[in-house]
Amino acid sequence: MKARKHLALFANYAIIIVLGLLFILPFIYTIYTSLVSTRDVNKLVSITNWTFDNYIMYFTNDAYNVPRWFLNTTIMTGAVIVGNLIVNPLAAFALAKLNFKGKKIIYWIVLATMMVPYHMILIPVYVNMANLGWLNTFLALVIPFLYQSLYIFMLRQFFVTVPNEFMEAARIDGMSKIGLFWKIVYPLARSPLITMSILAFAGTWNSYLIPSTLTNTPKMYVLVVGLNSVKDAVFENTALIMAGVVLTTLPILIFFFLFQKQYIEGISSSGIKG
Amino acid sequence: MSVSRNNSKSIQPYPYKKQSWFSSFADSDNKVGWLFILPFLILWAWWFFYPFVQSFIRSFQDMNFAAMDEAKFIGLNNFIQILQDPEFFQAVLHSLQIVLIAVPTQTILGLLMALLVNQKIKGKGIFRTIFFIPYITSQIAVTTVFMMLFKQGTFLTNFFGIFGFGDVTWFADTSYALIFVAILFIFQQAGFSMIVYLAALQEVPKDLYEAAGIDGASKWDKFRYITVPFVKPISFFVISVSTILGFQIYDQIAAISRYGALGSPAGATSTVVTYFYQHGIRYMNIGYGSAAVLLFFFIILIITFLQKKLLDDKE
């Protein structure tokens, strides 16, 4: 009996370690390859032969404008999050706590929009952007994404749970509905708003379909689009490409380790990536 | 409740001032409600509803981006043309293949990983993080890494060589490229499913297992009669989410296609998404592309509906 138990435990460890290696080895290979010179790719070399040349290339060669792409990605992601922090809670609060005419229709609109994949409207969005002259500008990358119906729904579910006594108490204090929202309800929603921002950050930072459609000049690339262009341009130079992968992925990994707990909670409660 | 409402009537807000225009505005549910909805509604109407209607109308038009004014209504012609295009059926088939391979695999893998890290073993936190990292990494980055790994002469391909695999540049091989895309999807999506399953597993009452243990239930029995019924409802969620995402795969294919047409090599990875993208955006054939998008949406609706029926009946 005891031997069987030991065997089961051993099997457990064996499976989890093999799976773990399968998942982590590609990343270790990436980091290792990014640190060796081109001729040492796919050879094991000692640490004394490691080099940062691949990384330096991205900061000195104008063809791979990583600092600029990093800036673009940061501006896009930052602006989208700020927009979502304003537009979504306002709409969600109205849907949860204010009785206005047409509320049912608006709620229905939010639910229906959640179900439609963005692919559905990509072609007309691209054409309209082109006609407005917005292609290759931040307007294109930010304006349509300042709200997200999924997050409005998530926040509404939270606001519904805020007791109505808060509203009554505020009225007694002579506070308006607007004041009530900004001074009382908004600070209360701290935790769902943080969850929303984290999901929006990950979703926007990693997005490729939309930025690659709405931009085509290297100056306006975001990191992910830039990485893809580098990969295609210097396909044989594995070491350089891998350094690009590390540079692109590092910010989101740091971010993940900082907010791991909230991020995982956000996913298991909402179940959806931004 | 009724008491406080009475109070609010007897204690007027701003007792020293007459009600200003602002305070009467800011006290009305109707006005404040619409004010708060307005930013969302404007953005939605401008950048969702309007394009949505455009997409619908244009699918019945012959419209090219180069000559938008010459658009004319051609009824169902776009749809008829698409349905006569063998490439479209190939694309639908590829989408279905990706979903049929990747969705069950990633669901089972996700459950397995959740069960593994839900045990009392050392370093389970580290493993949970390791399994989850691919999910938060960009699809382009993961695809790039795998393309580099599957080039000739890498550690991986040399290792495969021992088992007699000669050429392992799967992403450039018409018979393996689709599997390559499915593997990439599994690699990234399994971590998400693991997290969702993990949340469900932690809801299972511990004493159920203990009681079953006293009754002499084997490990398999416990899994079959306690764990499975508990994670069943969440499985529907995991499967439907990954099915929809599987149909929407784009980034991985765009990365593999490099400078070639989307769905390279030689159309081996073309999907419904790359089909409409290629026609609607790359060839700027807006009407035709819009019709293809509508068919794409229609396929997703049918699959979602079928899945719901199928999985609900099993309950």
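I'll start with a record. An unreviewed UniProt entry places the feature "domain: ABC transmembrane type-1" at residues 92–307 of chain B. Keep in mind that what we are looking at is a predicted model.

Now the coordinates for that span. Residues 92–307 of chain B are 75% helix and 0% strand.

Next, chain B as a whole. The count is 14 helices and two strands. Is chain B a compact globule or more spread out? The globule rule gives 20 Å for 315 residues, and the radius of gyration of chain B is 27 Å, well over that, so chain B is more spread out than a compact globule. The C-alpha trace spans about 90 × 75 × 40 Å along its principal axes.

On burial, 50% of the 315 residues in chain B are buried. As for contacts with a separation of 6 or more, 68% of those in chain B are between residues 24 or more positions apart.

Then the surface. Chain B exposes about 15,600 Å², and 66% of that comes from carbon and sulfur atoms. Its charged side chains are 22 positive and 18 negative, with the centres of the two sets 10 Å apart.

Last, chain A. UniProt, again in an unreviewed entry, annotates several stretches as "transmembrane region", among them residues 7–32 and 239–259. Residues 7–32 of chain A are 100% helix, with end C-alpha atoms 35 Å apart. Residues 239–259 of chain A are also 100% helix, and there the end C-alpha atoms are 30 Å apart.

Notes. Residues numbered from 1 in each chain as written. Chains lettered and ligands numbered in written order. Predicted model: local features only at pLDDT ≥ 70, side-chain atom pairs only at ≥ 80, totals over all residues. Heavy atoms only, no water. Helix = DSSP H or I, 4+ residues; strand = E, 2+ residues; numbered from the N terminus. Rg over C-alpha atoms; globule rule 2.2 N^0.38 Å. Buried < 20%, exposed > 50% of the residue type's maximum accessible area, 1.4 Å probe, protein only. Contact = heavy atoms within 4.5 Å. Areas by Shrake-Rupley, 256 points an atom, 1.4 Å probe, with all protein chains shown as cover. Lys, Arg positive; Asp, Glu negative; His and termini not counted. Charge placed at Lys NZ, Arg CZ, Asp CG, Glu CD. UniProt positions renumbered as here; feature names shortened; annotations may be inferred.
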